[in-house]
Amino acid sequence: MSTATTDDLGEVLVQRLRQETTLPSWLDGTIVLRVTGGGSWTLRIQGGRPALAWGEVDDPDTTVTATVGTLRDVAAGERSGVDAFLDGDLRVRGNLALSLRMSGMWDPPGRDPQLSVAGDVTANGLSTFYLEAGSGPPVVLLHGLGATNASLLPTFRALCAEHRVVAPDLPGFGDSDKPLRPLHAAFYTRWLEDLLDTLSIERAHLVGNSMGGRVAIEMGLRQADRVGRLVLLSPSPAFLRGRDHVRLVRLLRPELAAVAAWMPRRLVVRTLRSLFAAPDRLSDDWYAAAADEFLRVYRTVRGRLAFFSAARQIYLEEPHDKPGGFWDRLPDLAPPSLFLWGAEDWLVPASFAGHVEEALPSVKSVVLDDCGHVPQYEHPDKTHELVRGFLEASD
């Protein structure tokens, strides 16, 4: 058990402030580090430069709460902030991306490569926020609609021991730019190709959840030579049913989302919980952090526009017959692929597994019992056992 004190934490923070940070020069924010049982520090960031003060301010952008030992270990670079968050030893409220930036804002000598770093690069003309950890064969993680790279943190942790893992916020979401344009799979493929170039990655495995799975499929169809293997966690396909409102949705422009639309917090939490077969498998702290991050982005005009633009493209995608129909193209998917489905997933039902297997007879497709739409959080051990085994296979 750690015997660290608040003075120890303060000493580590002061030492780290003397080091050069990797924060972007445009970043402003306030982070409160709250010690369980009493005491707190405030980290103010202005123009990418941090300053420390004892105590806490009202209405910080982010509040990070943990024991003094956990906070000290994370600040010293001796423990991954991602690990502490996933293990339930560290709670985050407010701007989750800011806490992820803080976790990797210093690069101490001899840093463990499995500790995450955060950065921003320009890909396809768009500023893209990403996390990176590990070394080895590259893997890129692609999140779903309305989510951020935090939705794939369990996979990020599970793979970084043997891989160089990159987890970006897709354009339109999180801390990445939000372009005013249709956000469809072809656009994301162009962005992803440039992201790989920018990060000097010639070829990568792709792991995508929901909409991110659809982007990974498109990359496999258009740029197979840049893709090693595909892992598709409840990927969103072109829907075969429920298309009665296609004409109406085509008429409803995403620009309508520019009008402020109130989103009750309880509705966000209820929707998040509905994505799991057994919602109580996750703590209330996780739902609170996820709801904060969604609402932070959604309450901005560009965040709403991006959300509805991407959702509209998912719904309107042609399944068959017309040029570019998803199910007509799917048999051309060349990279080896693993599809994982949740038996209790209402958003992307596991019945799609049969359609995928018909289009791709040699594909590996697994339906996880007692699982909803987010297998990497609901059944992390089983999910990542399958993912690691598939990525390491040589067939």
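Start by selecting Phe294, Val297 and Tyr298 in helix α10, which meet Gly303, Arg304, Phe307 and Phe308 in helix α11; contact here means heavy atoms within 4.5 Å. Those contact residues divide into 5 nonpolar, 1 polar and 1 charged. In this grouping, Ala, Val, Leu, Ile, Met, Phe, Trp, Tyr, Cys and Pro count as nonpolar, Asp, Glu, Lys and Arg as charged, and the others, Gly among them, as polar.

Before moving on, a word about what is on your screen. This is a predicted model, in which local features need pLDDT of at least 70, side-chain atom pairs count only at pLDDT 80 or more, and totals for chains, interfaces and linings use all residues. Residues are numbered from 1 along each chain as its sequence is written, and side-chain values use heavy atoms, with hydrogens and water left out.

**The two helices**

Now show all of α10 (residues 284-298) and α11 (residues 301-316): their axes come within 6 Å and cross at roughly 105 degrees. That makes α10 roughly perpendicular to α11, a label for angles of 65 to 115 degrees. Axes are lines fitted to C-alpha atoms, for helices over the stretch in contact, and angles run from 0 to 180 degrees between N-to-C directions. Helices (H or I, at least four residues) and strands (E, at least two) are DSSP runs, numbered from the N terminus.

**The open sheet**

Next, colour the strands β6-β7-β9-β8-β10-β11-β12-β13, given here in their order across an open sheet of 8 strands with mixed pairing. Two strands pair if DSSP finds at least two bridges between them. Which strands stand at the edges? They are β6 (117-123) and β13 (364-368), each with a single partner strand, so one side of each is left without a neighbour in the sheet. On average, neighbouring strands of this sheet are turned by 20 degrees against each other, direction ignored.

Zoom in on β11 (residues 227-233) and β12 (residues 337-342), which pair in the parallel sense over 4 bridges. Pick Leu233 and you will find its bridge partner, Leu340, in β12.

**A hairpin**

Select β2 (residues 40-46) and β3 (residues 49-54), which run antiparallel and are joined by 6 bridges. Here Thr42 stands opposite Ala53 in β3. The hairpin has 2 residues between the strands, and Gly47 takes a positive phi near 60 degrees.

On a 1 Å grid over the protein atoms alone, a pocket is an open set of points with protein on both sides within 12 Å along at least five of seven lines, while a cavity is a set of points where a 1.4 Å probe fits but cannot get out; lining residues have an atom within 4 Å of a point.

Helix α15 gives the most to the lining, with 4 residues. The lining divides into 9 nonpolar, 4 polar and 5 charged residues.

**Last stop: a cavity**

Select Gly81, Leu90, Ser99, Leu100 and Ser103, which lie nearest its centre among 13 lining residues.

Key
Angles under 35 degrees count as roughly parallel, over 145 as roughly antiparallel, 65 to 115 as roughly perpendicular and the rest as oblique.
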